[in-house]
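Please keep the model open as you read, and take the points one at a time.

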Amino acid sequence: MKILVLNCGSSSIKYKLFEMPSKEVLAQGGIEKIGLPDSFLKLTLPNGEKKIIERSIQEHTSGVQMIFDVLTDAEFGVVKDLSEIEAVGHRVLHGGSKFSESVVINQDVINAIEECCDLGPLHNPANLKGIYAVQKLMPQVPQIAVFDTAFHQTMPEHAYLYPVPYELYEKYGVRRYGFHGTSHRYVSKRVCEYLNIPVEGSKIITCHIGNGGSIAAIKDGKCIDTSMGMTPLEGLMMGTRSGDIDAGAVLYIMKKEGLTPDQTSDLLNKKSGVLGMFKRSSDMRELEDAVANGEDLAIRTENMYFYRITKYIGAYAAAMGGVDVILFTGGVGENQATARAGVCKTLGFLGVELDMEKNKVRSKEAIISTENSKVTVCVIPTDEELMIATDTMELLKK
């Protein structure tokens with residue numbers, strides 16, 4: 001069964017074609033700069049070589065068409081005809097409170113995704129464009145929506161409600177939803193398989209750390225809390241996002257700087273976090289190099305970044321009454337040994353003991369704690385696309 005996975009952003013489309021259930025990746029790539037003169041598609045050939053095809057791509061339908069053209073191309077293609085693709089799975093950012101699991105897309109689902117556009121204004125409209133494009137180009141193929149927010153719908157009320165007038169939740173859905181749910185679900189399940197431990201009774205803290213970052217407390221395989229909130233702005237310090245900040249401080253900044261709500265959103269989402277403190281870049285690799293060179297600004301920024309992750313781990317260990325496994329995933333979590341070491345440095349009170357030699361691992365499954373560590377610390381590379389393909393396959397079987 002060939003399943004195509006699409007992840008549509010406002011100006012990009014990432015894709016992977018899977019052979020299921022073997023999980024073989026037949027093709028993968030992405031389109032960047034949709035709507036701009038220098039748009040292009042970059043694909044990875046079976047031998048690992050990268051190929052860039054430059055073409056004017058004005059909107060998402062033509063972008064999806066270009067992906068279809070490449071998949072069936074005489075030189076780069078992996079299928080003879082599009083009819084070989086049995087389903088398309090879509091990453092959808094925000095499902096609000098409506099969806100606690102992945103669903104087959106019909107008009108009711110599309111309407112619900114549209115209703116959530118206010119909650120995910122940057123992503124949901126783009127996700128819908130991908131759905132509409134497939135509807136137009138392959139109207140007979142079933143489509144599946146896999147929501148970033150779905151996994152976190154098991155949070156109890158006391159974790160997801162904000163202490164503001166309850167009417168705001170009733171009228172506008174103001175609450176914590178959480179994001180990166182597909183990643184947290186994949187790695188929390190995978191780590192139980194990797195360690196050969198039962199899901200039932202497990203207490204796992206998953207740290208998805210990249211340019212965007214979130215942490216989840218997962219008990220018995222279900223999310224009981226997560227760091228991102230109503231939007232992906234809450235929680236950890238990120239590449240360009242502030243994470244947690246006093247709402248009073250936001251109001252103070254708005255008054256002092258004369259900022260509109262949109263300008264304030266831009267400040268907190270695009271000009272804060274690592275970029276705001278380090279000033280030079282939001283890239284953790286550049287920050288790591290600057291720390292190694294002894295730059296004070298970089299050291300301060302890194303200390304802030306690590307501290308906030310450590311603080312959430314401590315909080316979630318308390319929320320679950322303990323922790324068995326702490327795992328790192330995402331671009332930084334999978335690849336940056338200094339970040340993992342920095343986060344775990346003060347977690348000895350939980351019984352965490354890191355093996356510094358094992359911690360040198362990059363982007364592969366590994367246990368990085370010592371044999372004496374009371375908490376198992378792991379690196380588990382995420383695979384959200386595989387999770388989407390798996391959900392799509394399972395729904396087609398029903």
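1. Let's start with Lys279, which counts as exposed at 65% relative accessibility. Here, buried means under 20% relative accessible area, exposed means over 50%, and partly exposed is in between, with a 1.4 Å probe and protein chains only. Lys279 is not a glycine, yet its phi is positive, at about 75°. You will find Lys279 in the loop between α9 (273–278) and α10. As for the names, helices (H or I, at least four residues) and strands (E, at least two) are DSSP runs numbered from the N terminus.

2. A word on what you are looking at. This is a predicted model, where local features need pLDDT of at least 70 and side-chain atom pairs count only at pLDDT 80 or more, while totals for chains, interfaces and linings use all residues. Residues are numbered from 1 along each chain as its sequence is written, and side-chain values use heavy atoms, with hydrogens and water left out.

3. Ser363 also deserves a look: it has a positive phi of about 55° although it is not a glycine. Ser363 sits in the loop between α13 (337–344) and β13. With a relative accessibility of 40%, Ser363 counts as partly exposed.

4. Next, follow the chain to helices α10 (residues 284–292) and α11 (residues 296–320), whose axes come within 8 Å and cross at roughly 125°. That makes α10 oblique to α11: angles under 35 degrees count as roughly parallel, over 145 as roughly antiparallel, 65 to 115 as roughly perpendicular and the rest as oblique. The axes are lines fitted to C-alpha atoms, for helices over the stretch in contact, and angles run from 0 to 180 degrees between N-to-C directions. The crossing of α10 and α11 is left-handed, a term used if the near helix is turned anticlockwise from the far one by less than a right angle; clockwise would be right-handed.

5. Now for the aromatic rings. The structure holds five aromatic pairs. The ring centres of Tyr166 and Tyr169 are 5.5 Å apart and their planes are at 55°, so this pair is tilted. Rings of Phe, Tyr and Trp (its six-membered ring) pair if their centres lie within 6.5 Å; planes under 30 degrees apart are stacked, over 60 edge-to-face and the rest tilted. Both tyrosines belong to helix α5 (residues 166–172), where Tyr166 and Tyr169 are three residues apart, about one turn of the helix. Tyr166 is partly exposed at 41% relative accessible area, and Tyr169 is partly exposed at 21%.

6. The charged end of Arg175 sits over the ring of Tyr160, 3.7 Å from its centre. A charge sits over a ring if NZ of Lys or CZ of Arg is within 6 Å of the ring centre and within 35 degrees of the ring normal.

7. Turning to strands, β2 (residues 13–19) and β3 (residues 24–32) pair in the antiparallel sense over seven bridges. Two strands pair if DSSP finds at least two bridges between them. Glu19 stands opposite Glu24 in β3. The hairpin of β2 and β3 has four residues between the strands, and there Lys23 takes a positive phi near 70°. In that loop between β2 and β3 lies Pro21, joined to Met20 by a cis peptide bond with omega of about 5°.

8. β3 also pairs with strand β4 (residues 40–44), in the antiparallel sense over five bridges. Gly30 stands opposite Lys42 in β4.

9. Is strand β8 (residues 143–147) mostly covered or uncovered? β8 is mostly covered, with five of its five residues buried. Gln143, Ala145 and Phe147 point one way from β8, while Ile144 and Val146 point the other way. Five bridges join β8 to strand β6 (residues 85–92), and the two run parallel; Gly89 stands opposite Ile144. Strand β7 (residues 103–104) pairs with β8 in the antiparallel sense over two bridges, and Val104 stands opposite Ile144.

10. Finally, look for the open sheet of six strands, in the order β11-β10-β9-β12-β14-β13, with mixed pairing. Its edge strands are β11 (222–226) and β13 (366–367), each pairing on one side only. Strands β12 (residues 325–329) and β14 (residues 376–379) run parallel, joined by four bridges, and Phe328 stands opposite Val379 in β14.
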